[in-house]
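Please look through the sequence and the model below, and then follow the report section by section.

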Amino acid sequence: MLVGKELLDRARSLSNRPEDDIARGCGYVGPTGRVLRKSFYRALVEAKGYALPSTGSQGGGTRGRQAEFRTRVHGNGNLLIGHAYTKRLGLEPGQEFKIELRQDSGAIWLLPMDQGEEGSTLDDVDVDVDVDVDETIQDQP
């Protein structure tokens, strides 16, 4: 990837082409062949002499949304935990959990089920999701 004066010179020489072609010609292409536009534009701005604030990561950008450790009940009544949390806990697709409602604390516990037989003993690891338990849930059997 070109930087500084080399970047500006190369970009000027390709100025009659589309932006993606200019970025490719300056070497701003990821390992999958995708044009790295943000990195290219940042490099152009810096080559022009403007100081940009650091992004704080090695890759020059953010890695998507950050986990907030919050969730809400959706309009259809579902409560989504999300990939960031399941990945952090090492949970795998298809893993089954027993849902336990803790009326005293208003918490929902997800208890991993043993892989042996369905509904059998539980592992000693639990996932505690603190959510206020609605009155309608308390009335259900």
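Is Leu 52 buried, exposed or partly exposed?

Leu 52 counts as partly exposed, because its relative accessibility is 30%, where buried means under 20% relative accessible area, exposed means over 50%, and partly exposed lies in between (1.4 Å probe, protein chains only). Leu 52 sits in the loop between α3 (37-47) and α4 (83-88); helices here are DSSP runs of H or I with at least four residues, numbered from the N terminus.

**Basis of the model**

This is a predicted model, in which local features need pLDDT of at least 70 and side-chain atom pairs count only at pLDDT 80 or more, while totals for chains, interfaces and linings use all residues. Residues are numbered from 1 along each chain as its sequence is written, and side-chain values use heavy atoms, with hydrogens and water left out.

**Helix α1**

In helix α1 (residues 4-13), the residues Leu 7, Leu 8 and Ala 11 are buried. Seen down the axis of α1, these buried residues fall within an arc of 95°, so they line one face of the helix; the arc is that of the directions from the helix axis to the C-beta atoms.

The buried residues of α1 pack against α2 and α3, whereas Lys 5 and Ser 13, on the other side of α1, are exposed. Contact means heavy atoms within 4.5 Å.

**Confidence**

The protein chain has an average pLDDT (the predictor's confidence in each residue, from 0 to 100) of 78, and 71% of the residues score at least 70. Confidence is highest in helix α2 (residues 19-25), at a mean of 93, and lowest in helix α5 (residues 135-139), at 42.

Where pLDDT is low, the predicted coordinates should not be read in detail.

How values were computed. Helix = DSSP H or I, 4+ residues; strand = E, 2+ residues; numbered from the N terminus.
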